[in-house]
Amino acid sequence: MSVQSRNVCIIDYGMGNLSSVASALASLGCAAVSSADTVRIAQADGLILPGVGAFGEAMSRIHALGLIKVLERRVLGDKIPFLGICLGMQLLGRDSTEGGLHQGLGWIDASVDRIPADVSIRVPHIGWNEVAWTVESPLNGNLEQNGHFYFNHSYCMQAPNEVITAVTDVGKPLVAAVRRGNIWGVQFHPEKSQNNGRRLLRNFLNAIPILSPEAQTAC
Amino acid sequence: MLKQRIVGVLLVREGIVVQSLGFQRYLPVGKPAIAVEHLNRWGIDEIVMLDISSPQARLRLDVLMERVAPYCLVPLAAGGGIRTVDQIRDVIKSGADRVVLNTAVLDDPKLITQGADRFGAQAIIASIDAKPGDDGRYEAFVDGGRRRAHLTPAEMAKRAEDHGAGEILIQAIHRDGAKSGYDLDLVAEISKAVSVPIVVLGGVGSPFHFVEAARLPGVCGLAAGNYLHFTEHTATVAKAVLKKAGIAMRQDSYADYRDFSFSEDGRLLKRSDAELEDMLFIHYVDEVI
């Protein structure tokens with residue numbers, strides 16, 4: 001099954017640079033749709049939640065668009081592959097202290113806090129940093145250890161060890177990637193990380209199971 | 001560890017990328033999309049695109065982003081004429097990761113706060129244009145260097161940080177196109193005043209200029225405009241020079257000039273005949289991802 005026929009939806013909730021994600025996927029031969037339409041999201045076999053923005057604003061938009069139910073059904077129920085990027089990863093957590101306390105999707109038992117003050121860099125953490133994978137998964141199986149990815153964030157995830165799959169070093173380790181079953185999250189921006197990022201997105205596309213014939217006619 | 005960045009600055013004037021000399025004279029380079037594509041191939045770490053057209057002749061920044069973003073697989077920041085949060089939203093939605101504000105820092109600093117509240121502090125770069133006044137003290141300017149801000153660059157940077165900007169881009173007007181190196185005193189003055197990361201711009205003429213600035217506290221990005229045009233691999237060569245000077249860089253391109261030596265002006269020196277002889281049969285295959 002080729003990548004072209006995989007039905008990937010980028011969730012368009014009015015936050016973030018959707019077109020970067022779409023063009024990175026297009027460079028891999030995958031014509032993903034960007035949509036906030038619950039029907040489109042329900043049909044997709046893989047979902048990507050991008051994000052540039054503030055946590056509270058993002059959650060209230062997801063609620064306002066009525067996306068929670070369809071996301072929970074497809075991701076938690078049907079267990080289709082899901083990738084949260086940057087803010088999209090943080091939203092997987094229970095809550096965040098960004099601009100007051102806000103509740104997240106709660107799919108991963110983690111909280112989001114400002115990057116601690118005792119790091120050796122100036123905050124925000126902006127630029128290319130090395131990603132050390134701690135667990136092998138379909139997302140990173142063929143990626144080199146300590147490859148460079150682009151980070152751009154002021155808040156970071158505090159997650160229990162069992163969901164952390166990668167860390168990055170800023171004088172102390174920050175969570176760079178998490179996984180719970182079919183749910184992946186990355187703090188960096190694969191769509192802006194040149195070839196390393198394209199490899200990761202390719203791995204994500206490959207993790208999407210082959211479609212059933214009925215689903216193929218639907219797209 | 002976090003790497004130092006080489007940032008390519010593309011100035012766009014009436015839809016064409018230009019080289020700029022002293023904020024006054026301009027040389028055409030070519031189409032924005034092609035410039036972006038080339039920088040991507042030649043090892044750049046980030047691209048900043050600034051529309052410096054006069055307000056009457058300005059294209060919509062989000063339309064420009066739509067044209068160039070598909071060619072950009074590195075982070076892209078955009079600025080020039082941004083005055084409202086809706087414009088920030090459109091520019092980010094069209095493919096930019098971050099926006100650059102300059103005049104708004106002086107005239108409407110609330111825009112920084114509104115932008116940072118909605119898109120996060122990391123999405124807002126405040127650009128501070130400065131040059132020394134008659135008394136030798138630095139003055140900040142807005143409106144493309146045409147209007148005095150009546151603030152010192154450090155005050156203006158602090159104002160931007162207090163309102164929520166996540167990064168400061170320092171541009172030395174008097175070094176624009178001068179090829180004599182960054183204004184390190186200006187950079188040090190601003191860097192002391194703020195605690196967010198600093199990107200420096202204006203004056204690069206050799207890779208050794210990057211090295212000088214990379215050692216200053218707070219400098220997280222080394223930007224250049226004119227220096228990166230017209231020559232292949234300038235960013236990659238600069239990174240090799242920086243790496244030799246002990247500065248951590250991202251070297252992900254297959255040609256990274258790791259084992260080369262450089263002349264005093266930063267040009268590659270010819271390798272020995274014996275080495276060249278050995279290299280004849282190395283074949284680099286394009287990776288299919």
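Let's start at a meeting point of two chains: Asp117(B) touches Ala54(A) and Gly99(A), leaving aside residues up to four places away in sequence. The model shown here is a predicted one. In it, 35 residues of chain A are in contact with 33 residues of chain B.

**Where the chains meet**

- Asp117(B) sits in helix α5 of chain B, which runs over residues 110–119.
- The C-alpha atoms of Asp117(B) and Ile47(B) are 24 Å apart, and 70 residues separate the two along the chain.
- Across the whole contact, 35 residues of chain A meet 33 residues of chain B. On the side of chain A that touches chain B, α1 (18–26), β8 (125–133), β9 (147–153) and α6 (194–207) of chain A each provide at least two residues.
- Which element gives the most to this side of chain A? It is β8(A), with 6 residues.
- By residue type, the side of chain A that touches chain B has 11 nonpolar, 16 polar and 8 charged residues.

**Chain A in outline**

- Chain A holds 7 helices and 13 strands.
- Its C-alpha trace spans about 55 × 40 × 30 Å along the principal axes.
- Of the 219 residues in chain A, 53% are buried.
- If you take the contacts in chain A between residues at least 6 apart in sequence, 71% of them join residues at least 24 apart.

**Chain B in outline**

- Chain B has 10 helices and 12 strands.
- Its C-alpha atoms fill a box of roughly 60 × 45 × 40 Å along the principal axes.
- For 289 residues, a compact globule would have a radius of gyration near 19 Å, and the 19 Å of chain B agrees with that.
- Buried residues account for 52% of the 289 residues of chain B.
- Among the contacts in chain B between residues at least 6 apart in sequence, 63% link residues at least 24 apart.

**Helix α1 of chain B**

- An α-helix has 3.6 residues a turn, so residues three or four places apart point the same way.
- Gly43(B) follows α1(B) and has a positive phi, near 80°.

- Helix α9(B), residues 234–244, is mostly covered, with 9 of its 11 residues buried.
- Among the buried residues of α9(B) are Ala235(B), Val237(B), Lys239(B) and Leu242(B).
- What covers the buried residues of α9(B)? The cover includes β1 and α8 (207–214) of chain B.
- Phe210(B) belongs to helix α8 of chain B and is buried, since 28 other C-beta atoms lie within 10 Å.
- Beyond its neighbours within four places in sequence, Phe210(B) is in contact with Val204(B), Leu222(B), Ala238(B) and Leu242(B).
- The C-alpha atoms of Phe210(B) and Ala238(B) are separated by 7.6 Å, with the two residues 28 apart along the chain.
- Just after α9(B) comes Gly246(B), with a positive phi of about 90°.

**The nonpolar core**

- The largest nonpolar core has 163 residues, of which Val99(B), Ala126(B), Ile168(B), Ile170(B) and Val200(B) touch the most other members.
- Not counting residues up to four places away in sequence, Ile170(B) touches several residues, including Ile128(B), Leu186(B), Ile198(B) and Val200(B).
- In soluble globular proteins, nonpolar side chains tend to be buried together.

**Confidence**

- Chain A has a mean pLDDT of 91, and 93% of its residues reach 70 or more.
- Over residues 212–219 of chain A, pLDDT stays under 50, and the model has 7 contacts beyond four places in sequence for this stretch.
- Where pLDDT is low, the predicted coordinates should not be read in detail.

Terms used
Residues are numbered from 1 along each chain as its sequence is written. Chains are lettered from A and ligands numbered from 1 in the order in which they are written. Helices (H or I, at least four residues) and strands (E, at least two) are DSSP runs, numbered from the N terminus. Ala, Val, Leu, Ile, Met, Phe, Trp, Tyr, Cys and Pro count as nonpolar, Asp, Glu, Lys and Arg as charged, and the others, Gly among them, as polar. A nonpolar core is a set of buried Ala, Val, Leu, Ile, Met, Phe, Trp, Tyr and Cys residues joined through C-beta atoms within 7 Å. A residue is buried if 20 or more other C-beta atoms lie within 10 Å of its own, exposed if 12 or fewer, and partly exposed in between; C-beta atoms are placed from the backbone. pLDDT is the predictor's confidence in each residue, from 0 to 100. The radius of gyration is taken over C-alpha atoms; the globule rule is 2.2 Å times the number of residues to the power 0.38.
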